[in-house]
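Welcome! Please take a moment to look over the sequence and the 3D view, and then read on for a short tour.

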Amino acid sequence: MQPSPALRQIQKPATKPHEVGDNLNRAIVVSIFAHVGVLLFFILRAVIYPSEPLRLENAIRVDMVALPDKSPKVSNVPVVETKVPPAPETKPEPVKPEPPAPQPVAKPELP
């Protein structure tokens, strides 16, 4: 008696190492072709549909005018020291004496 097709699929052995290698090689080849295809798409698009060239001269000119100096220059202006007046002395607050502790009072007895 032969097993049913469903039972044969359940009893199918695990993937063999050479099958995994074949699948990996196939995936790598597909990936390479996909990358080459995308690259060719962008190259052909640039050749067939050229866009207007970007004019960057004005932006470059503005950036070149405002570039910072490489070495800091020492200014010829003398440094003026300002004197800060000392803070007025504050008088310490007088210490208040603590009130005396309350004396315990005896409780009256209830009849």
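## Burial and surface

Of the 111 residues in the chain, 0% are buried. Keep in mind that this is a predicted model. The chain exposes about 12,700 Å², and carbon and sulfur atoms supply 65% of that area.

The chain has three helices and zero strands.

## A nonpolar patch

Now let us turn to the surface. A nonpolar patch of about 1,100 Å² is found there, made by Leu24, Ile28, Ile32, Val36, Leu39, Leu40, Ile43, Leu44, Val47, Ile48 and Tyr49.

Is Val47 buried or exposed? Its relative accessible area is 62%, and exposed means over 50%, so Val47 counts as exposed.

How many aromatic pairs does a search of the whole structure find? The search finds one. Its partners are Phe41 and Phe42, whose ring centres are 5.3 Å apart. Their planes meet at 70°, and edge-to-face applies to angles over 60 degrees, so this pair is edge-to-face.

Phe42 has a relative accessibility of 47%, which means that Phe42 counts as partly exposed.

Definitions and conventions:
Residues are numbered from 1 along each chain as its sequence is written. This is a predicted model: local features need pLDDT of at least 70, side-chain atom pairs count only at pLDDT 80 or more; totals for chains, interfaces and linings use all residues. Side-chain values use heavy atoms; hydrogens and water are left out. Rings of Phe, Tyr and Trp (its six-membered ring) pair if their centres lie within 6.5 Å; planes under 30 degrees apart count as stacked, over 60 as edge-to-face and the rest as tilted. Buried means under 20% relative accessible area, exposed over 50%, partly exposed in between (1.4 Å probe, protein chains only). Helices (H or I, at least four residues) and strands (E, at least two) are DSSP runs, numbered from the N terminus. Accessible areas come from the Shrake-Rupley method with a 1.4 Å probe; for residues, only the protein chains shown count as cover. Patches are made of residues with over 30% relative accessible area and no salt bridge: like charges are joined within 9 Å, nonpolar side chains (Val, Leu, Ile, Met, Phe, Trp, Tyr) within 5 Å. A salt bridge is a side-chain nitrogen of Lys or Arg within 4 Å of a carboxyl oxygen of Asp or Glu.
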